[in-house]
Amino acid sequence: MAAKNRSFNVAVVGATGIAGQQFLAALEGHPWFKLKRVAASQRSAGKPYGEAVRDAASGASRWYGEKACPADYLNLNVEQAEHLKIDDIDIVFTALESDAAKEVEPLYAKKCPVISTASAFRYEEDVPIFLPGINPGHAALIETQRKNRGFKGFITPGPNCTTVGLAITLKPLFDAFGVQSVIMTSLQAISGAGRNPGVLGMDILDNVIPYIPKEEEKIEKETGKILGKVAGGKIEHAKIPVSCNCTRVNVHDGHLETVNVGLGKKASLDEVKAVWAKSYEELRASKLPSAPAEMIHYTEDPFRPQPRLDRDRGDGMTTTVGRLRQDHVLPNGVKYVLLSHNTKMGAAKGAILTAEYLIEKGVIG
Ligand SMILES: NC(=O)c1ccc[n+]([C@@H]2O[C@H](COP(=O)([O-])OP(=O)(O)OC[C@H]3O[C@@H](n4cnc5c(N)ncnc54)[C@H](OP(=O)(O)O)[C@@H]3O)[C@@H](O)[C@H]2O)c1
């Protein structure tokens, strides 16, 4: 068997935004991916990247990464997304608002795989929403998508950042016990709203905002799709009723979620923990460059998970879970609290892991 190609030129579109910047941070020194091109809106086009992430009027930095922007990237010319050159690009990562993504992702998919953080194509029948370790079988839709749309490449968006931790923790429970119902309340970080329009400091300081437009519907819809299986050339959604309340809280990064699950059959708390502990064995064994040592980390400390203390577990790729208890209201109910990093596993680095996973599975070659 021929050795797998492990060397890919990549582009990041929406590179100046919050998720885009996380792509750059995660691509620095990546053993398989070389960042060749970056693109954003007309506002940034034609500028060196370092200048595009600086406010033109005040000179203030708009770089949000914990570490400085990789020096190699500061002089990359920012291209306008619609005119991005992709002749020398193997994979395009996109981090755009949905309307812009709808326009440009099909342009790139004519030639390349497009791995997106946007919701533009997430709910279309021929578009898989990959979550590494959960649904590699959904790759069967890619050929259908190519036929339907005349693509040589394909588009695959990641889940909404709030769905990520939920789906990761539900999948092992779904396989082991079945899931009848899910009630989830999120306390979502400010960075999840992006920069534009983002959340104003005056609105969020000393406050909780009890509504995030379109968020609850997205999670309710896509959880069943991600956990579904391919049948008859389509994804048959898992029949899991999900009910969400999504709120925005005064936290920089890390979405906390309280989850109540009605299981398909009774399970003790130790059985639930054992199922989580054994989960994602194949992904963990794969040693992909961005895969964490643990997809789920269970903590017995009743005061955890906390955003500040737990969001960077596994470099932001591990979902931390705690406070597992019986739920006496839902049939066969259990309840827990989870924390997932919204811009890392929930966006950029999660998309990079998806690319690695699809390479490993031979879907991208
Ligand atoms: N933030 C998160 O935690 C998170 C998590 C998961 C998924 N997502 C998704 O990722 C996407 C980006 O989110 P974000 O938080 O990074 O947003 P953001 O900070 O507002 O960044 C938006 C990016 O899109 C570019 N852009 C805006 N309008 C454009 C246009 N018409 N054509 C081309 N480029 C355009 C911006 O470029 P300029 O700088 O040139 O304006 C910027 O690079 C969204 O779909 C969001 O839902 C975000």
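Strand β7 (residues 179–188) runs parallel to β10, and the two are joined by seven bridges, where helices (H or I, at least four residues) and strands (E, at least two) are DSSP runs numbered from the N terminus, and two strands count as paired if DSSP finds at least two bridges between them. The model is a predicted one, in which local features need pLDDT of at least 70 and side-chain atom pairs count only at pLDDT 80 or more, whereas totals for chains, interfaces and linings use all residues. Residues are numbered from 1 along each chain as its sequence is written.

The two strands belong to an open sheet of six strands with mixed pairing, in the order β10-β7-β11-β14-β13-β12. Because β10 (242–248) and β12 (296–299) stand at the edges and each has a single partner strand, one side of each is left without a neighbour in the sheet. On average, neighbouring strands of this sheet are turned by 25° against each other, direction ignored. Helix α8 (residues 269–278) packs on the sheet and touches β12, β13 (319–327) and β14 (333–340), its direction making about 160° with that of β13; axes here are lines fitted to C-alpha atoms, for helices over the stretch in contact, and angles run from 0 to 180 degrees between N-to-C directions.

Helix α8 also packs against α5, at an angle of about 115° and with the axes 9 Å apart. The crossing of α5 and α8 is right-handed, a crossing being right-handed if the near helix is turned clockwise from the far one by less than a right angle, and left-handed if anticlockwise. Here Pro172, Leu173 and Ala176 in α5 meet Val272, Val275 and Trp276 in α8, where contact requires C-beta atoms, placed from the backbone, to lie within 7 Å. By class, this contact has six nonpolar, no polar and no charged residues, with Ala, Val, Leu, Ile, Met, Phe, Trp, Tyr, Cys and Pro counted as nonpolar, Asp, Glu, Lys and Arg as charged, and the others, Gly among them, as polar.

Helix α5 (residues 161–177) has a further packing partner in α7 (residues 215–226), at an angle of about 35° and with the axes 10 Å apart, and α5 passes α7 in a right-handed crossing. On the α5 side the contact includes Thr162, Thr163 and Leu166, and on the α7 side it includes Glu215, Ile219 and Glu222. By class, the contact of α5 with α7 has five nonpolar, three polar and two charged residues.

At the level of the whole chain, an automatic or database assignment supplies the domain bounds, which divide the chain into domain 1 (8–160 + 348–360) and domain 2 (161–340). The C-alpha centres of the two domains lie 24 Å apart, and 31 residues of domain 1 are in contact with 33 residues of domain 2. On the domain 1 side, the elements giving two or more residues are α1 (18–27), α4 (140–149) and α11 (348–360), and the largest share, seven residues, comes from α11.

The ligand is surrounded by 29 residues, of which the closest are Gly17, Ala19, Ser44, Gly194 and Arg195, a residue being near if its C-beta atom, placed from the backbone, lies within 6 Å. The elements giving two or more residues to this shell are α1 and α3 (98–109), and α1 gives the most, with three residues. By class, the shell divides into eleven nonpolar, 15 polar and three charged residues.

Conventions
Contact = placed C-beta atoms within 7 Å.
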